[in-house]
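This briefing goes through one protein model by topic. Please look over the sequence and the structure before reading on.

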Amino acid sequence: MLPATFKLCAGISYRHMRNMTGLRKNAMVAIHHELNMLAGPNPSSWISHVRRRSSLLSSRIEEEQGYNEAEVSYVKQGEEALQKSIIILGDQDGWTTEITAANGDKVLSKVLPDVGKVFKLEVLLDQRSDNLFVELVGNMEQMGDWNPNVKEVKILQKIGQETMVTHEVSGPTPGNVVGPRDFVSVRCAKRRGSTCFLAGMSTQHPTMPEQRGVVRAENGPTCIVMRPSADDPNKTKFTWLLSIDLKGWIPKTIINKVLSQTQVDFANHLRQRMADNSVSMEMAPAC
């Protein structure tokens with residue numbers, strides 16, 4: 001059923017098919033059916049919560065009012081990235097361990113029809129989900145300051161409170177194994193209850209055509225899910241789904257190693273960033 005659902009979701013991403021009401025309804029029904037199957041008799045808390053929030057399964061007409069055609073398209077792309085990510089993350093079968101770090105951080109992978117190889121980072125962070133959401137979404141353009149794997153992140157356009165289009169340039173890899181890459185992505189940032197989502201996929205934007213000397217890579221669906229730990233609400237269960245095509249002639253063995261290590265490195269850089277933020281707040285003079 002999953003391959004059919006992915007194809008149905010992909011179908012509604014084409015402009016001439018978006019206006020076919022029946023197809024959109026069928027896509028939503030298929031996704032809802034998949035979530036029911038994935039949840040099973042004992043659904044995890046975040047899957048159950050997503051099922052109760054129908055706004056994660058479709059774009060509300062009210063949200064589209066006042067947007068032009070291009071803006072509506074970006075909103076829908078962000079929603080589709082989130083929907084596909086939820087389905088992938090909800091399926092716990094078939095994952096293979098790529099890396100298990102000494103601190104318990106773990107990267108897993110699996111190959112999916114119509115998507116290819118995806119990676120999943122699972123870590124526990126000593127930070128509240130709200131604080132992480134503010135750093136990764138509110139301070140997104142500062143990511144290049146603390147993550148060496150990212151040279152620059154620039155927000156090209158914001159649409160409402162939950163959707164944005166960004167341009168990201170990757171930082172150098174050790175030994176320059178992978179040359180400069182850039183991405184133009186639509187991102188969907190949502191808070192639903194105590195769970196935070198940041199999903200995305202590649203798109204195009206008129207202000208950022210392909211750059212000379214830089215390979216335009218593609219990603220998606222990707223998604224970060226942050227939810228409080230069941231044992232301690234001051235800690236966060238952090239999951240990052242990564243699906244990316246770096247383009248160019250790079251052996252798959254190298255790509256797999258680079259991507260999985262990038263996820264582990266990201267977790268460590270994020271920990272350090274949040275620790276530095278805490279120190280800065282403690283040292284700030286009282287008003």
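How much space lies in the second largest pocket? The model is predicted, and in it the second largest pocket holds about 780 Å³ of space.

- By type, the lining residues comprise 20 nonpolar, twelve polar and three charged.
- Strands β5 (163-170), β6 (181-192), β7, β10 and β11, together with helix α9, each contribute at least two residues to the lining.
- The most comes from α9, which gives six residues.
- Gln263 is a residue of helix α9, and it counts as buried because its relative accessibility is 0%, under the 20% cut-off.

- Strand β10 covers residues 222-228, and six of its seven residues are buried.
- On one side of the pairing list is β7 (residues 195-202), which runs antiparallel to β10 and is joined to it by five bridges.
- Within that pairing, Cys196 has Met226 of β10 as its bridge partner.
- β10 also runs antiparallel to β11 (residues 236-242), here with six bridges.
- Leu241 in β11 stands opposite Cys223.
- The peptide bond between Gly220 and Pro221 is cis, with omega about -5°.
- Most peptide bonds, by contrast, are trans.

- β1 (residues 96-100) pairs with β2 in the antiparallel sense, over four bridges.
- Two facing pairs between these strands are Thr97 with Leu108 and Ile99 with Val107.
- The hairpin of β1 and β2 has five residues between the strands, and Gly104 there has a positive phi near 100°.
- β2 pairs with β3 as well, again in the antiparallel sense, over seven bridges.
- Val107 has Leu121 as its bridge partner in β3, and Val107 also stands opposite Ile99.
- Five of the seven residues of β2 are buried, so the strand is mostly covered.
- The hairpin of β2 and β3 leaves three residues between the strands, and Asp114 lies in its turn.

- Most residues other than glycine have a negative phi.
- Asp114 is not a glycine, yet its phi is positive at about 65°.
- Asp114 sits in the loop between β2 (106-112) and β3 (116-125).
- With a relative accessible area of 54%, Asp114 is exposed, because the cut-off is over 50%.
- Lys247 likewise has a positive phi of about 65° without being a glycine.
- The loop that holds Lys247 runs between β12 (244-245) and α9 (252-283).
- Lys247 has a relative accessible area of 29% and is therefore partly exposed.

**Helix α6**

- Helix α6 takes in residues 69-90, which is 22 residues.
- At the start of α6, Asn68 places a side-chain oxygen within 3.1 Å of the backbone nitrogen of Ala70.

- Asp126 lies in the loop between β3 and α7 (129-138).
- Its relative accessibility is 57%, so Asp126 counts as exposed.
- Asp126 and Asp232 are 106 residues apart along the chain, and their C-alpha atoms are separated by 9.3 Å.

Terms used
Residues are numbered from 1 along each chain as its sequence is written. This is a predicted model: local features need pLDDT of at least 70, side-chain atom pairs count only at pLDDT 80 or more; totals for chains, interfaces and linings use all residues. Side-chain values use heavy atoms; hydrogens and water are left out. The expected span of a helix is 1.5 Å times one less than its number of residues. A polar contact is a pair of N or O atoms within 3.5 Å; within protein, one must be able to donate a hydrogen and the other to accept it, and residues adjacent in sequence count only if both atoms are side-chain atoms. Buried means under 20% relative accessible area, exposed over 50%, partly exposed in between (1.4 Å probe, protein chains only). Two strands pair if DSSP finds at least two bridges between them. On a 1 Å grid over the protein atoms alone, a cavity is a set of points where a 1.4 Å probe fits but cannot get out, and a pocket is an open set with protein on both sides within 12 Å along at least five of seven lines; lining residues have an atom within 4 Å of a point. Grid points are joined across faces, edges and corners, and a volume is the space filled by probe spheres set on the points. Ala, Val, Leu, Ile, Met, Phe, Trp, Tyr, Cys and Pro count as nonpolar, Asp, Glu, Lys and Arg as charged, and the others, Gly among them, as polar.
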